[in-house]
Amino acid sequence: MSSFRKYVQAIVALIVMLGILFGISLFFPIPHVTDFVQNHILTNMNLSIAVAVVLGVAGVYFVAAFFYALFARSKNKTMRLSNDKGDIVVESETVETYAHDAIHDIKEAQNKQVKAKLGSNPGSTKVDIEFDIDENKDAVAVSNTIQERVQRAIEEFFGEAIKGVNVKANPYDANENSQVAATSRPRVK
């Protein structure tokens with residue numbers, strides 16, 4: 001999300017909160033706010049309309065958010081596949097384990113983390129992989145190897161192409177880590 005969009009969202013949220021505060025102050029006395037609303041906003045027709053519009057937009061937003069929360073699909077943790085013999089339910093943990101098994105023997109990649117995002121069919125499935133690698137190793141070659149292996153393994157698992165495999169390598173300095181580990185070892189007498 002861009003910083004401009006975050007800025008606009010923050011301004012809109014502030015305006016909505018002020019509108020809600022002004023609306024509440026009409027029914028429940030809030031020190032200084034109720035007086036301000038009665039003396040400046042209710043006496044000015046344009047400001048009264050502006051506050052009413054802000055409250056209306058906020059109300060529509062809250063109603064839409066409520067129904068979205070009720071009926072929105074949750075993050076896909078399962079995928080239901082149908083064939084002529086019945087239905088098969090595949091869980092995201094199964095796909096993650098299958099992907100992890102495909103790359104477990106790559107020693108250059110440390111702390112491998114695999115996340116699968118299942119869609120409604122295998123073609124909309126994405127797999128995200130993140131790992132640590134020594135900055136002296138070839139991160140691009142290791143990333144390509146991981147991406148190819150996982151893509152091949154998951155496509156063999158489903159029997160058709162998937163949307164994609166995203167790989168993120170986090171480089172670290174192995175020499176610096178070994179020096180820190182050597183200085184933090186307990187002294188044994």
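Predicted model: local features only at pLDDT ≥ 70, side-chain atom pairs only at ≥ 80, totals over all residues.
Biologist: What makes the link between D128 and K117 a polar contact?

Modeller: The cut-off is 3.5 Å between N or O atoms, one able to donate a hydrogen and the other to accept it. The side chains of D128 and K117 are joined at 3.1 Å. That is within 3.5 Å, so the pair counts.

Biologist: What is the value for D128 and N166?

Modeller: Their side chains are joined by a polar contact of 2.9 Å. N166 also stands opposite D128, in β5.

Biologist: Where does D128 lie, and which residues does D128 touch?

Modeller: D128 is part of strand β4, residues 126–134. Leaving out residues up to four places away in sequence, D128 touches Q113, V114, K115, K117 and N166. Touching here means heavy atoms within 4.5 Å.

Biologist: How do you know that β4 and β5 pair?

Modeller: Pairing needs at least two bridges. β4 and β5 are joined by 9 bridges, so they pair. They run parallel.

Biologist: What is the strand order of the open sheet?

Modeller: The order is β3-β4-β5, 3 strands with mixed pairing. On average, neighbouring strands are turned by 15 degrees against each other, direction ignored.

Biologist: Why are β3 and β5 called edge strands?

Modeller: β3 (110–117) and β5 (164–172) each have a single partner strand, so one side of each has no neighbour in the sheet.

Biologist: Which helix lies across β3 and β4?

Modeller: Helix α4, residues 92–103, lies across them. α4 runs at about 145 degrees to β3.

Biologist: What makes β1 and β2 a pair?

Modeller: Again, at least two bridges are needed. Strand β1 (residues 78–83) and strand β2 (residues 86–91) are joined by 6, so they pair. They run antiparallel. A hairpin joins β1 to β2 through 2 residues.

Biologist: Which residues of β2 stand across from R80 and L81?

Modeller: V89 is the bridge partner of R80. I88 stands opposite L81.

Biologist: Which residues line the second largest pocket?

Modeller: The lining is Q9, V12, A13, V16, V57, A58, Y61 and F62. Helices α1 (3–27) and α3 (45–71) are the elements that give two or more residues to this lining. The volume of the second largest pocket is about 170 Å³.

Biologist: How does that lining divide into nonpolar, polar and charged residues?

Modeller: The lining has 7 nonpolar residues, 1 polar and no charged. Val, Ala, Tyr and Phe count as nonpolar, whereas Asp, Glu, Lys and Arg count as charged.

How values were computed. Residues numbered from 1 in each chain as written. Heavy atoms only, no water. Helix = DSSP H or I, 4+ residues; strand = E, 2+ residues; numbered from the N terminus. 1 Å grid on protein atoms, 1.4 Å probe; cavity = no way out; pocket = protein on both sides within 12 Å on 5 of 7 lines; lining within 4 Å. Points joined across faces, edges and corners; volume = space filled by probe spheres on them. Axes fitted to C-alpha atoms, helices over the stretch in contact; angles between N-to-C directions.
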